[in-house]
Amino acid sequence: MNKKVDSKIKEVVYDDQEDREINEVAHYKSSAQQMLLLSVLVVLFGFTFFTAVTYIIDYYKNQNNKEVEVLEVNNLKNNLLITNHGGIDRTISEDDLKDTKKIIIEKVNTIEFSTNKGALQDGNITFDVKYNILENTFKHYPISKNNSDLMVRFSYSYDNQNWTYINNVISTTNSTINPLMNSYYDISGIVDNLKVVTNYNISSKPGEKTTMYWKSETIIQNKSNNLKNNIKANFKIEYKDND
């Protein structure tokens, strides 16, 4: 006897709408996180790049404006090291005029002198300090004045903190310059060699070292009539061999 079996197969339908929605949400969150991370990286890169470029520009600008001269003299008795940072070359620009403050160009030179421990007597050296003006387009006035467009003053120190200002008459090649109030010297229009000090002597006991600092402060009045005016000078310590 044959039996007929009627089999009905139910088709199972899988609804993946919910999974798609979950995946879309997860994908959205992942994309948002990636965009946030990318934005942070872009900002960090931009800041780093800007800082690096600014540093490089400032570095090369300072290097171009900084002339360093080093003199080293050693013998059986004494050791001498002179470091001059006195190169000055400044032209007044439109950017300078945006600031109402005076422009002050400060240069500090150093002289280090020591006498060997075994020396039988103190060592001593003599040197000059000069401010050689090579170019100067600031207008010269016959009578010096305290508010001159271009002034300078000089000082020395043994600790690079406490300074003593030079207040004596300074000789040039052809004339002299008298100090004004606060030890300033009016140098507008002058192109000459200023002999700040001549035959200055320092000594050192055996086994000791003497360090001395000499500073020049070049002051420019920040006024529109000084636009494109230029000062080029060299402030330096010059050694004289006498020991």
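By the ring-pair criterion (centres of Phe, Tyr or Trp rings, the six-membered ring for Trp, within 6.5 Å), the count comes to 10 aromatic pairs. In the pair formed by Y156 and Y158, the centres are 6.4 Å apart and the planes stand at 85 degrees, an edge-to-face arrangement (planes over 60 degrees apart; under 30 is stacked and the rest tilted). The structure is a predicted model, in which local features need pLDDT of at least 70 and side-chain atom pairs pLDDT 80 or more, whereas totals for chains, interfaces and linings use all residues. Residues are numbered from 1 along each chain, and side-chain values use heavy atoms, without hydrogens or water.

Y156 is buried, at 19% relative accessible area, and Y158 is partly exposed at 46% (buried is under 20%, exposed over 50%, partly exposed in between, with a 1.4 Å probe and protein chains only). Y156 also pairs with Y200, in a tilted arrangement with centres 6.3 Å apart and planes at 55 degrees. Because Y156 belongs to strand β6 (residues 150–157) and Y200 to strand β11, this pair ties together parts 44 residues apart in sequence (strands are DSSP runs of E, at least two residues, numbered from the N terminus). Ring pairs link F127, Y156, Y158, Y200 and W214 into a cluster.

D192 is found in the loop between β10 (185–186) and β11 (193–204). Leaving aside neighbours within four places in sequence, D192 is in contact (heavy atoms within 4.5 Å) with residues including Y131, I133 and T172.

Note on methods:
Helices (H or I, at least four residues) and strands (E, at least two) are DSSP runs, numbered from the N terminus.
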